[in-house]
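Student: I would like to go through this model step by step. Could we begin with the way its helices pack?

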Amino acid sequence: MNAILQRTGRATITEAMFLNQELGGEYQDDKQSRLDIVVKTQAGELINIEMQLSTQQDMFKRSMFYWSRLFTTQLQKGLGYHTLRPTITINICHFTLFEEIVHYHSTYHLYEDALLQRLRSKDDVLEIHFIEMDKFLHAWFNQTLNALDDILVRWLLLLGMVDARKQKTCDDIYLELEALTMKDENLQQALSAWEELSQTPETIIAYQSRLKYMIDEVAKLEDAKYHAQQEGIEKGIEKGIEKGIKAVAKNMIASGYDNEQIMQLTSLTVEEVLQLRTEIEVE
């Protein structure tokens, strides 16, 4: 969290209390593909960290909705609005969210339009981060990031080390992290904790549950695309056949065939034949 928040000038967090945690397996809908943690700092600031594995529609609006709910939970009966503290949302997404933005980390605040100036500190209560892991990993593999000088890069490498879809650890990232732990004690402790947690049955079951849900969601999306495409092809064929039959019927009209003959040979109704005669007259 500190690695992310230091980029926006927030104070360093020295103590945090975890208020809520969801860990897949028993949750419905997209919660099985989400790790959602809410933290309260010693300064009273609320931070919601959401790790989203599967692509979600309207992700930004949903993030704003969750931010607003978390922000308003602070205002208890008998308290004034001056007691409301900054609320921060951090979204770590394993998919591309903003096609028009090249950088993997984008941050949003409230600004005055003409001056492009942020609100004064006492009113600057909104902060939303989006980290797109696919962009981050692409940049890392293209050697455009410096993990030694950038603490956020080191932590994101830890998060991006496991390829969920292929169910394997990226050896290149793991070797890089092992080298970095020689100079970063916090990273060394986190990597050791990750290795220990990866061996517990409960964590493995929860991970497999989220992974299964994500794979199922991707499969449903691909199936929907395939069936929509097939339906489009079938409709196109039907439309083409219908157009061909009407073209034949028009030729028959021009050749002097009566309505009964045309209906018998093309299976068109009398109304359709009469409509075609009208179209020919107009032409």
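Student: In which hand does α4 pass α5?
Tutor: The model is a predicted one. In it, helix α4 covers residues 151-159 and helix α5 covers residues 171-180. The crossing of α4 past α5 is left-handed.

Student: How is α3 oriented relative to α4?
Tutor: Helix α3, residues 133-141, packs on α4 with the axes 11 Å apart and at an angle of about 110 degrees. That angle falls in the range of 65 to 115 degrees, so α3 is, relative to α4, roughly perpendicular.

Student: How is α3 oriented relative to α5?
Tutor: The axes of α3 and α5 come within 12 Å. They cross at roughly 75 degrees, so α3 is, relative to α5, roughly perpendicular.

Student: How many charged residues are in the contact of α3 with α5?
Tutor: L137, W140 and F141 of α3 meet D172, I173 and E176 of α5. Asp and Glu count as charged. The contact also has four nonpolar and no polar residues, and the charged ones number two.

Student: Is Y104 buried or exposed?
Tutor: Y104 sits in the loop between β4 (87-93) and β5 (105-108). Leaving aside neighbours within four places in sequence, its contacts include F136 as well as V153 and L156. F136 belongs to the α3 side of the contact with α4, and V153 and L156 to the α4 side. With a relative accessible area of 3%, under the 20% cut-off, Y104 is buried.

Student: What separates the C-alpha atoms of Y104 and H138 in space?
Tutor: Along the sequence the two residues are 34 apart. From C-alpha to C-alpha, the separation of Y104 and H138 is 9.4 Å.

Student: Which residues is D124 in contact with, leaving aside its neighbours within four places in sequence?
Tutor: D124 is placed in the loop between β7 and β8 (126-132). Its relative accessible area is 7%, so D124 is buried. Its contacts beyond those neighbours are R10, P86, H109, R118 and L119.

Student: Where is V38, and what C-alpha distance separates V38 from M17?
Tutor: V38 lies in strand β2, residues 34-41. V38 counts as buried because its relative accessibility is 10%. M17 and V38 are 21 residues apart along the chain, and their C-alpha atoms are separated by 8.5 Å.

Student: What is phi of L116, and what is phi of S267?
Tutor: Most residues other than glycine have a negative phi. L116 is in the loop between β6 (111-112) and β7 (117-118), while S267 is in the loop between α8 (259-266) and α9 (270-282). Phi is positive in both residues: for L116 it is near 50 degrees, and for S267 it is near 65 degrees.

Student: Are L116 and S267 buried or exposed?
Tutor: The relative accessibility of L116 is 64%, and the relative accessible area of S267 is 64%. The cut-off for exposed is over 50%, so L116 and S267 count as exposed.

Student: What share of the protein chain's residues counts as buried?
Tutor: The chain has nine helices and ten strands. Its accessible surface comes to about 18,100 Å², with 53% belonging to carbon and sulfur atoms. Of its 283 residues, the share that counts as buried is 34%.

Terms used
Residues numbered from 1 in each chain as written. Predicted model: local features only at pLDDT ≥ 70, side-chain atom pairs only at ≥ 80, totals over all residues. Heavy atoms only, no water. Helix = DSSP H or I, 4+ residues; strand = E, 2+ residues; numbered from the N terminus. Buried < 20%, exposed > 50% of the residue type's maximum accessible area, 1.4 Å probe, protein only. Areas by Shrake-Rupley, 256 points an atom, 1.4 Å probe, with all protein chains shown as cover. Axes fitted to C-alpha atoms, helices over the stretch in contact; angles between N-to-C directions. Left-handed = near helix turned anticlockwise from the far one by under 90°. Parallel < 35°, antiparallel > 145°, perpendicular 65-115°, else oblique. Contact = heavy atoms within 4.5 Å.
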